[in-house]
Amino acid sequence: MDCASCGEAIEPRFRFCPSCGIVLEGQAEAGTAHRGERRVATVMFADVSGFTGLAERHDPEQLTWMMNALFARVGAVVRRFDGFVDKYIGDAAMVVFGAPRAHEDDAERALRVAEALARIGPTVDEVVERELGVRPALRLHIGVATGLVVAGRVGVGEAARYTVMGNTVNVAARLCDLARGGEVLLCDKTRALAGPAADVLALGEIAVKGKRAEVQLFRLRGVRSPKSAPALSPMVGREAERAWLVEAAWQGPRAGVLIEGRAGVGKSRLAVEAGEGLQRAHPGMAIHRGRALPYGRTTPYQAWATLIAAVRESLGEPSPLLLEEVAAGAGSALATGSAEQRRGEILDAVEALLRRACARAPRLLILDDVHLADPSSLALLGRTLTLAEGLPLRLFLTARVPVSDALVDTLGGEARVARLHLAPLSEPETRALVDALVGAGAPAAEVVDAVVRRSQGVPLFVEAFLRSGLSAGAVPASLRSLLLARYDRLPPQARARLEVAALLRGDIDRGFVDAMLGPAADPWQALEAAGELEPQADGTYRVSQVLMREVIADTMLRERRRALHLKIAEALAAREAPAAELAWHYAEAGDLARAAPLWLEAARRAAGVYANDEALDLFTRAAAHDGVAPEALHEAAGLLRSLGRIQEADERERQRVALARRDGDLVLEAHALAARAYLAYHRGDGPAILTLAAQAVAVAERSGDPGAQAAALRQLGIGHEFAGRFAEAERAYRRLLTLVAGRPEGRALEAAVCNSLGEIARALLRFEDALSWYERSRELRAPLIDGRPDWTYTANAGAAMVGLGRLDEALAMLTLCVEESRRTGYIAFLAEVLCFRALAHQGMGAQREACADALEALAQGEAAGQQELVGLALRVIARVRPPGRDPIADLQESVRIFEEAGKAVEQCRSREALADALEAAGQPAAAEQRARAAAILQDLGLPARGA
């Protein structure tokens with residue numbers, strides 16, 4: 001079709017006219033760029049030197065004619081390299097590469113255009129002199145910069161045009177201002193992306209308005225001729241493919257092999273490696289390499305230029321003028337005869353050259369990227385494959401998937417060309433490639449893992465990540481351009497679906513996406529054919545390369561991305577999608593009010609199936625929103641407590657206290673302080689329990705809320721119980737029960753109090769009473785836990801049965817608790833349970849098992865920072881006597897721990913056990929330890945007892 005604005009002939013896939021930038025009819029809604037996109041683009045400004053003087057010397061009509069003549073040639077050069085003339089501004093042209101369509105080599109294309117434009121002046125001068133009789137001495141000075149831009153439609157109504165905006169444009173304009181006539185200045189990023197093609201001279205750094213850091217400045221000295229093939233990475237794997245190529249190439253019936261695969265998968269490397277294998281098998285064989293260039297389709301025989309020059313050089317003989325022109329890529333410049341005649345002459349001349357070459361030695365021709373070859377090169381390739389059937393001549397061709405049927409037919413079909421599909425490397429092979437590339441300076445394991453995961457076995461991707469500073473974060477600019485170029489080649493409706501796919505997590509449901517976007521003429525087939533989506537057995541699709549998701553998502557403007565996430569979330573909500581998936585999309589859409597409750601719901605579900613790390617992450621996400629932050633923080637603290645991560649749990653409750661104080665919420669503050677007191681109990685910090693519980697009681701009384709007062713009194717009772725002041729503990733518990741009588745939470749608190757009374761009875765060695773209280777607690781809790789096992793009862797009752805000598809029952813119950821703790825990862829009480837199981841094992845004569853449990857209990861307590869349990873484990877270790885341990889030293893440390901923690905009754909038990917150990921060792925200090933234990937118990941109003 002033709003552009004209605006400027007008349008330019010345009011391919012149907014374009015969203016904008018590549019000449020004038022106007023949005024094309026019918027494409028506005030199908031595409032995405034009219035909404036704006038974030039792209040890395042190379043921007044060029046080319047300005048006429050001395051234009052003011054030129055305008056003074058010439059009539060405006062003449063001046064206009066000159067500028068149009070100049071810009072016509074500028075446009076022709078830009079179009080040859082598939083750039084976009086953004087606009088003409090007076091005597092300057094602004095040109096963009098990378099938008100609206102990306103190429104993997106946009107920076108190099110821009111420099112080739114800049115080099116041509118810097119030399120275009122004399123050509124235009126001749127035209128002007130011939131037409132107007134004056135020679136204006138036109139010269140362009142040029143600036144080139146690469147960086148982030150926003151590309152899209154700017155303006156209102158008919159005046160709206162596609163353009164790019166951003167500081168990269170400013171930098172390019174500034175570099176243009178600094179350049180002299182015929183000079184090209186460029187920035188460091190352009191130089192880096194252009195790679196070895198850019199021959200530059202470093203000029204130092206300059207300050208550019210709008211840029212905080214100075215810009216590294218370079219002068220372009222020239223653009224090097226393209227190599228016959230890109231540099232090759234180390235060869236890893238591919239043994240079977242290499243062996244097949246070596247055998248099939250020379251012994252098979254077909255003259256050529258077409259190696260197909262994704263960009264960067266290692267096609268060229270395999271062709272060269274197999275060629276070297278052929279050379280070893282056939283000494284004297286010559287190998288010549290060539291490459292079709294992305295911007296060479298308009299140059300006849302371009303793909304053959306390097307090959308012909310190499311063959312000619314190997315013969316050491318002069319060639320006819322015709323071949324010299326072909327080797328220079330100028331076959332279209334022949335001045336005599338019809339086009340058909342010239343074409344025949346070229347084919348005959350190349351055939352004669354190859355026959356002479358093969359008469360001297362066998363030949364292997366390697367031609368890379370034949371999918372980019374111009375039609376003349378393909379015609380010559382087809383004839384060469386026919387010729388090779390009768391000569392010691394074979395061809396290895398590489399092409400990117402998807403390879404079109406038309407290309408295979410041009411080559412003579414599969415009867416003449418064998419096809420080999422090259423898959424990505426396996427994970428072990430990818431790791432081996434990383435090792436080969438980095439050598440002795442191996443990066444951290446997590447970086448290697450990220451590079452392996454994100455590269456998906458594509459060697460080019462591995463190299464790009466490693467070259468970018470071993471960063472596993474942002475997609476390297478070279479890969480971004482490559483992937484975006486693939487995306488830009490897709491039809492509009494296919495791009496729209498891939499855009500949604502980029503934001504979905506997991507596999508893509510075709511019906512779901514079609515319902516969101518509306519019907520279209522099977523864009524899924526186009527996505528499959530392009531290799532962007534892989535169909536799965538269940539009818540869904542998977543994005544072939546994970547980096548494509550990132551690139552597309554990063555290309556979208558934030559507003560667009562948020563709107564699409566919201567649309568996806570609402571569509572998923574109608575399908576009752578999992579809470580975590582919905583929450584993620586709402587959060588990405590910026591709607592935290594809807595995301596947070598879903599994060600919390602998902603966290604609870606994850607915790608319910610013991611996916612503890614996932615649950616903690618989800619709780620953290622939920623806690624970012626005030627609406628559910630108190631619940632999320634408290635439940636996260638509970639989970640962390642169960643995992644033995646007491647300090648982290650306390651930090652969550654500290655945050656709850658801070659939120660409550662910020663909002664003046666006394667009820668919340670009282671509950672949070674009570675929760676912190678309970679965590680102090682788990683730390684074994686008796687003074688902190690009482691301090692925090694007293695603060696909670698004071699705040700709760702100010703609030704007047706019975707539930708808050710009951711929660712605070714519960715912790716106050718625990719604090720007194722911890723310290724051995726059992727009478728004070730029972731008074732706090734009785735007050736608590738009075739407060740919650742008839743309230744919904746009353747049953748749970750009553751169950752907790754009964755359990756605490758059982759703990760008091762067990763501390764006083766009244767084990768039958770303890771079992772009665774535990775049983776009462778279980779009865780009260782049973783309706784609340786909906787038939788699930790009551791592990792609190794099981795652990796405490798098992799400990800009481802050890803005291804009663806019911807060792808078989810105790811061992812069975814405590815073993816169940818150990819297994820459950822290990823299965824779920826909830827290790828808060830694992831050390832305590834192991835201590836009592838060690839005593840049960842010892843009582844049954846299983847000394848080895850007793851020692852193993854006691855030592856594991858010590859390790860668990862130390863790892864979790866639970867000093868109270870460390871003290872208990874040391875006392876049990878002293879009792880079961882593992883080899884190599886000093887019981888007196890262990891008991892002395894146990895005494896110290898309980899004394900510092902303020903747990904008086906447990907301190908007395910350890911002192912009495914220490915007295916026994918000292919007495920057995922014949923040391924007189926035993927009496928002192930017994931006396932100190934008796935004095936503490938007397939202060940507490942408790943009877944003295946033996947070990």
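**View 1. Five-stranded parallel sheet of the predicted model.** The strands of this open sheet follow the order β10-β11-β12-β9-β13 and pair in parallel. The edges are taken by β10 (286-291) and β13 (417-421); each has a single partner strand, so one side of each lacks a neighbour in the sheet. Direction ignored, neighbouring strands are turned against each other by 20° on average.

**View 2. Pairing of β11 with β12 and the helices on the sheet.** Strand β11 (residues 363-368) and strand β12 (residues 393-400) run parallel and are joined by 5 bridges. Isoleucine 366 is placed opposite phenylalanine 396 of β12. Helix α12 (residues 375-388) packs on the sheet, where it touches β9, β11, β12 and β13. The direction of α12 makes about 145° with that of β12. Helix α8 (residues 267-281) lies across β9 (256-261), β10, β11, β12 and β13. The angle between α8 and β12 is about 165°.

**View 3. Hairpin of β2 and β3.** Strand β2 (residues 84-89) pairs with strand β3 (residues 92-97) in the antiparallel sense, over 5 bridges. Phenylalanine 84 has valine 96 of β3 as its bridge partner. The hairpin leaves 2 residues between the strands, and glycine 90 in the turn has a positive phi of about 60°.

View 4. The buried residues of α29 are Gly686, Ala688, Ile689, Leu690, Leu692, Ala693, Ala696, Val697, Val699 and Ala700.

**View 5. Crossing of helices α35 and α36.** Two packed helices are described by the angle between their axes and the distance between the axes. For helix α35 (residues 807-824) and helix α36 (residues 830-843), the axes come within 9 Å and cross at roughly 150°. This crossing of α35 and α36 is left-handed. On α35 the contact is made by Leu807, Leu811, Leu814, Thr815, Cys817, Val818, Ser821 and Arg822. On α36 it is made by Leu830, Val833, Leu834, Phe836, Arg837, Ala840, His841 and Gly843. The residues of this contact divide into 10 nonpolar, 4 polar and 2 charged.

How values were computed. Residues are numbered from 1 along each chain as its sequence is written. This is a predicted model: local features need pLDDT of at least 70, side-chain atom pairs count only at pLDDT 80 or more; totals for chains, interfaces and linings use all residues. Side-chain values use heavy atoms; hydrogens and water are left out. Axes are lines fitted to C-alpha atoms, for helices over the stretch in contact, and angles run from 0 to 180 degrees between N-to-C directions. Helices (H or I, at least four residues) and strands (E, at least two) are DSSP runs, numbered from the N terminus. A crossing is left-handed if the near helix is turned anticlockwise from the far one by less than a right angle, and right-handed if clockwise. Contact means heavy atoms within 4.5 Å. Ala, Val, Leu, Ile, Met, Phe, Trp, Tyr, Cys and Pro count as nonpolar, Asp, Glu, Lys and Arg as charged, and the others, Gly among them, as polar. Two strands pair if DSSP finds at least two bridges between them. Buried means under 20% relative accessible area, exposed over 50%, partly exposed in between (1.4 Å probe, protein chains only).
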